[in-house]
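Good morning, and thank you for joining. I would like to take you through a pocket and then some helices.

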Amino acid sequence: EFSAMSDDPQRGNPLETAPIPTLLLRYSVPTALTLMVNFLYNIVDQIFIGRGVGISGMTATNIAFPLVILVGAVSLLLGDGCAAYVSLALGRRQQAEADAAVGQTVTLLLVSGIVLAALSALLAPQLVWLLGTTETAYAQSVAYLRTISVGIPFQLLCPALTAIVRADGSPQYTMRCMLAGALLNVALDALFIFPLAMGVVGAGIATVIGEAVSALLFLRYLPHMKTVQVRRENLRPTAARTGRILALGLPSLLTQMMTAAVQIVMNNLMRKYGAATIYGSDIALSVYGMMLKIYQIAHAMFVGVSSATQPINGFNFGAQHYDRVYRTYRLATRAALVISMGWFAVFMLLPRQIGMLFAPDNLLYLDCTAHCFRRYMLTFFLYGAHMTTASFLQGIGKPSRSVLIPLARQGLFLIPLAFVLSARFGLDGALFAVPIADTMAFLLSMALAAAEFRAWRGKDWLA
């Protein structure tokens with residue numbers, strides 16, 4: 001059992017004494033499974049909608065996906081920032097700071113969720129055009145976005161509390177919380193879309209109910225945390241502590257925000273240049289959205305590995321155990337590259353089989369699926385190393401360096417390349433921008449990691 005201060009001073013904290021492979025497995029597997037389950041019920045939504053509503057329904061729900069990512073960005077800003085703050089504080093034996101950080105983060109999450117829900121519902125008609133909807137999918141896009149906006153406070157709580165509960169040493173509990181909501185969502189999807197014929201609104205309602213159940217289970221855990229105590233006097237945020245939490249969480253925020261920006265850009269490019277192909281705008285948009293949701297299943301594994309390093313790196317860096325930080329990063333990066341190679345094989349060899357889950361009778365849709373996967377995922381075998389590097393830098397309290405990686409990959413490389421290449425090569429140009437950006441991000445992350453470890457010379461960190 002993880003605890004901030006071991007009852008046995010000879011044993012110490014498991015984060016500084018347990019074997020690193022054991023710790024990585026313990027933290028990464030439940031986190032990855034939690035996220036995979038969460039993303040899986042997004043895919044189940046798409047399967048049900050594709051078979052029960054059609055291509056326009058899939059397009060409508062895919063249009064709302066950047067908003068889901070943006071809400072996740074705020075959630076991870078607060079959740080990952082708090083988790084990193086707590087890990088560093090516990091490593092330095094600053095218990096009061098760790099307690100205060102969690103209480104303040106809960107308040108910030110609740111306030112942010114209410115504000116974002118109100119804005120999303122009010123601005124839904126304008127947002128769906130910005131996010132890349134088409135004329136045929138407009139009405140369903142607005143209806144779906146307004147429905148899921150009700151669940152934004154719950155959606156905000158879940159990823160943030162996942163990070164906090166994981167840092168508390170209970171990654172298995174996070175998996176149970178998300179699994180409960182996901183299973184309920186799947187069951188309600190089947191009920192609302194088919195027997196009740198509620199279309200995309202039914203899918204949205206099922207999602208909101210599932211998120212609410214997961215969030216309530218997370219909130220139930222807070223009074224029973226093992227490493228910190230959530231006290232009433234700590235619920236009021238202070239400027240200094242909030243600023244530090246936000247600074248530590250900034251890489252996660254910008255990563256998610258840039259992911260949303262990429263999808264908004266790509267949605268619009270799919271609409272524009274897809275119309276010039278045999279596929280048309282709606283099929284290009286629906287395939288792109290489906291592809292991203294499949295990609296999220298793979299992405300969950302990388303998040304599991306990279307996020308598992310944060311409590312290990314944060315505690316050991318705070319305790320000046322530099323050798324354990326180095327070995328954790330090296331093992332996590334190797335694991336990420338092995339995972340990326342496996343998924344690369346799936347994306348190259350089985351794209352049509354993936355497409356058949358959603359629209360088995362639409363040959364044009366299946367052709368477009370194979371076309372997009374084999375271009376968009378062309379260098380996926382390099383994926384993941386940039387995430388373990390960003391998480392490593394974030395975990396040791398260097399958010400400004402960590403944030404450079406997602407900013408460069410998506411803002412400096414991918415988005416400009418997508419515009420330039422699509423103007424020259426149309427749909428294929430937009431798709432090929434991604435593997436080029438992934439290659440450049442891999443090289444950048446390796447350079448940043450090497451520079452950081454070189455700076456540790458003289459600290460006797462390989463002792």
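**The largest pocket and selected helices**

Helix H2 supplies the largest share of the lining of the largest pocket, eight residues. The model is predicted, with local features needing pLDDT of at least 70 and side-chain atom pairs counting only at pLDDT 80 or more, while totals for chains, interfaces and linings use all residues. Residues are numbered from 1 along each chain as its sequence is written, and side-chain values use heavy atoms, leaving out hydrogens and water.

A pocket here is an open set of points on a 1 Å grid over the protein atoms alone, where a 1.4 Å probe fits, with protein on both sides within 12 Å along at least five of seven lines; lining residues have an atom within 4 Å of a point. The largest pocket holds about 230 Å³ of space. Among its 14 lining residues, Leu25, Ser28, Val29, Val305 and Ile339 are the closest to its centre. Helices H2 (20–52), H12 (281–318) and H13 (322–349) each give two or more residues to this lining. By class, the lining has 13 nonpolar residues, one polar and no charged.

Turning to helix packing, the axes of H9 (residues 171–193) and H10 (residues 199–221) come within 8 Å and cross at roughly 160°. The two helices are therefore roughly antiparallel (angles over 145 degrees). The residues of their contact comprise 16 nonpolar, eight polar and two charged.

Finally, helix H3 (residues 55–63) is mostly covered, with seven of its nine residues buried, that is, under 20% relative accessible area. Among those buried are Gly57, Met58 and Asn62.

How values were computed
Axes fitted to C-alpha atoms, helices over the stretch in contact; angles between N-to-C directions. Helix = DSSP H or I, 4+ residues; strand = E, 2+ residues; numbered from the N terminus. Parallel < 35°, antiparallel > 145°, perpendicular 65-115°, else oblique. Nonpolar A, V, L, I, M, F, W, Y, C, P; charged D, E, K, R; others polar. Buried < 20%, exposed > 50% of the residue type's maximum accessible area, 1.4 Å probe, protein only. Points joined across faces, edges and corners; volume = space filled by probe spheres on them.
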